[in-house]
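Student: Could you walk me through reading strands, cores and ring pairs in a model?
Tutor: Gladly; let us look at it together.

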Amino acid sequence: MNYEVKPLRSELAETFVKYLSNLDFAYAPHWATCFCRYYYLDCSMEEWQKRSGDINRDEALQEIESGRMKGYLAFDGDECIGWCNAANVNDLFRLKNDLDPYCKNKEVGCTVCFVIHPKYRGKGVARLLLKKAIAGFKEKGYEAMIAIPFENKQAPQKRYRGTKNMYEEFGFKEVDRGDTASVMWLDLIDA
């Protein structure tokens, strides 16, 4: 595995939207228009469903350009093969209220979306992206990371938040569990 991971920056904005635009989301068609904006917005589900892919794509380009949308892209040579949304919990407005009780005013990073090209799934790309996200948050002085993976045995391709096992491999601990999702926590100070 000789893949390279790069932080999402303005010079990679077009690469990001082209990568997501060219993937087949037949298993979840509404994902094709998301451009990873869903968690950054705190609108109603009705408002979200009315948003077009063009609006989300253009907004993603603007937010990447401004530095407000964060994450990492994985490459095999010049080909983009994966994406991981890695942002400050406070920027993920759709999750912020649910995660506040765990974060308790700490500086916390969150990986909330992995999109790996189908031909690269099962080859360690998501783990490589997670490793880079952990290092990036730690380098920036974050106190911890949080993740909310869920299991979908009927549609494993929909495990876009990563897997509990993957997080455990990097030292995350389960701090809460619901019917289908786990809340995973990693202390970054002295880690």
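Tutor: Start with a hairpin: β2 and β3 have 2 residues between the strands, and Gly-77 there takes a positive phi near 65°. Helices (H or I, at least four residues) and strands (E, at least two) are DSSP runs, numbered from the N terminus. Keep in mind that this is a predicted model, where local features need pLDDT of at least 70, side-chain atom pairs count only at pLDDT 80 or more, and totals for chains, interfaces and linings use all residues. Residues are numbered from 1 along each chain as its sequence is written, and side-chain values use heavy atoms, with hydrogens and water left out.

Student: How many bridges join β2 to β3?
Tutor: Two strands pair if DSSP finds at least two bridges between them. Here 6 bridges join the antiparallel strands β2 and β3, with Tyr-72 opposite Cys-84 in β3. On to β4: 7 bridges join it to β3, again antiparallel, and Ala-87 faces Cys-110 in β4.

Student: Why is β3 largely enclosed by the rest of the structure?
Tutor: Buried means under 20% relative accessible area, exposed over 50%, partly exposed in between (1.4 Å probe, protein chains only). In β3, 9 of the 10 residues are buried, so the strand is largely enclosed.

Student: Which residues have the most contacts inside the largest nonpolar core?
Tutor: A nonpolar core is a set of buried Ala, Val, Leu, Ile, Met, Phe, Trp, Tyr and Cys residues joined through side-chain atoms within 4.5 Å. The largest has 42 residues, and Phe-16, Met-69, Trp-83 and Ile-146 have the most contacts inside it. Elements giving it two or more residues include β2 (71–76), β3 (79–88) and β4 (108–116). A second, separate core has 26 residues, among them Val-5 and Ala-74.

Student: And how do I read the aromatic pairs?
Tutor: Rings of Phe, Tyr and Trp (its six-membered ring) pair if their centres lie within 6.5 Å; planes under 30 degrees apart count as stacked, over 60 as edge-to-face and the rest as tilted. The structure holds 8 such pairs.

Student: What sits over the ring of Tyr-38?
Tutor: A charge sits over a ring if NZ of Lys or CZ of Arg is within 6 Å of the ring centre and within 35 degrees of the ring normal. For Tyr-38 it is the charged end of Arg-94, 4.1 Å from the ring centre.
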